[in-house]
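Open the model in your viewer and keep the sequence panel beside it. This tour goes from one selection to the next and says what is there each time.

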Amino acid sequence: MAKIKSDARCYVALDLPSVAEAEAMVERLDDAVESYKIGLQLLPIGGVELGQRLKAKGKNIFYDFKLHDIGATVEKATRSIAGLRADLLTVHARPDVMRSAAKGRGNASLKILGVTVLTSLDQAALGAIGYSDTAESLVMRRVQQALEAGIDGVVASPLEAAAIRAVVPKDFLVVTPGVRPKGAAAGDQKRIATPSSALRSGASHLVIGRPITQADDPRQAAQEIAAEMSGV
Ligand code: C5P
């Protein structure tokens with residue numbers, strides 16, 4: 001059997017302190033990784049340009065901006081980001097924000113994901129904000145609103161993926177962080193699943209950071225995950 005080298009459904013989170021370190025990591029990972037997520041740590045210090053360089057080399061790019069502002073601003077920001085030819089962009093899953101992002105994206109190939117409920121928010125934190133919904137019902141409410149707004153998918157915990165998959169079309173993206181291969185440290189992630197179980201539950205894409213970037217051999221860690229994913 002041919003060795004599985006990579007899986008484009010796995011977005012590696014480049015949560016590193018500088019573009020130089022991120023570029024060194026990309027070089028180490030080489031053809032073991034096809035897709036990268038660039039988030040708030042790197043975006044203000046050259047992360048956008050890094051994404052464009054990686055895109056030019058044929059990688060898939062996910063800009064995790066988590067936009068949340070008035071409609072006109074979200075629409076214009078999304079239009080700017082759509083011009084970068086990235087593949088995925090996050091916005092907070094509020095109905096007005098999602099509708100504005102869909103408008104700003106227009107006909108560009110950029111796919112918009114709604115961040116349903118941050119996994120760092122527990123019931124007490126939601127109550128303090130003023131939400132009376134449970135986290136689970138808030139997630140499902142926002143999935144419906146994402147569908148109505150015409151965006152392309154959501155970011156959610158792997159433990160919610162099955163409930164979401166049951167109510168969305170086949171091509172709706174369900175992107176799950178909180179993924180840990182067997183034996184990997186959970187770190188600050190609480191609601192975790194293995195790569196294969198997240199996919200079996202209905203995730204279309206996985207976001208994996210530290211289990212790859214902090215591994216002794218990141219390339220081997222990425223290839224082991226790709227091999228596990230290939231069966232699903
Ligand atoms: O290192 P780790 O695999 O935990 O990285 C997960 C990535 O997914 C991080 O970039 C983190 O910001 C992001 N994320 C998350 N939970 C969410 C949304 C995004 O862990 N609910």
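This is a predicted model: local features need pLDDT of at least 70, side-chain atom pairs count only at pLDDT 80 or more; totals for chains, interfaces and linings use all residues.

**Stop 1: the ligand.** Select the ligand. The space it takes is the largest pocket.

**Stop 2: the shell.** Now select the residues around the ligand. There are 13 of them, and the closest are Asp15, Arg180, Gln189, Gly209 and Arg210. Colour the shell by class: five residues are nonpolar, three are polar and five are charged. Next, show the secondary structure. Strand E8 (205-208) and helix H9 (210-213) each give at least two residues to this shell.

Stop 3: Which side chains have an N or O atom at 2.7 Å or 2.9 Å from a ligand oxygen? Select Asp15: an N or O atom of its side chain is 2.7 Å from an oxygen atom of the ligand. Then select Lys37, where the distance from a side-chain N or O atom to a ligand oxygen is 2.9 Å. At Gly209, look at the backbone instead: one of its polar atoms is 2.8 Å from an oxygen atom of the ligand. Taken alone, the ligand exposes 470 Å², and the protein buries 84% of that.

**Stop 4: Thr116.** Is Thr116 buried or exposed? Its relative accessible area is 1%, so Thr116 counts as buried, the cut-off being under 20%. Thr116 and Ala156 are 40 residues apart along the chain, yet their C-alpha atoms are separated by 6.1 Å.

Key: Residues are numbered from 1 along each chain as its sequence is written. Side-chain values use heavy atoms; hydrogens and water are left out. A residue is near a molecule or strand if one of its heavy atoms lies within 4 Å of it. A polar contact is a pair of N or O atoms within 3.5 Å; within protein, one must be able to donate a hydrogen and the other to accept it, and residues adjacent in sequence count only if both atoms are side-chain atoms. Accessible areas come from the Shrake-Rupley method with a 1.4 Å probe; for residues, only the protein chains shown count as cover. On a 1 Å grid over the protein atoms alone, a cavity is a set of points where a 1.4 Å probe fits but cannot get out, and a pocket is an open set with protein on both sides within 12 Å along at least five of seven lines; lining residues have an atom within 4 Å of a point. A molecule sits in a cavity or pocket if more than half of its atoms lie within 2 Å of its grid points. Helices (H or I, at least four residues) and strands (E, at least two) are DSSP runs, numbered from the N terminus. Ala, Val, Leu, Ile, Met, Phe, Trp, Tyr, Cys and Pro count as nonpolar, Asp, Glu, Lys and Arg as charged, and the others, Gly among them, as polar. Buried means under 20% relative accessible area, exposed over 50%, partly exposed in between (1.4 Å probe, protein chains only).
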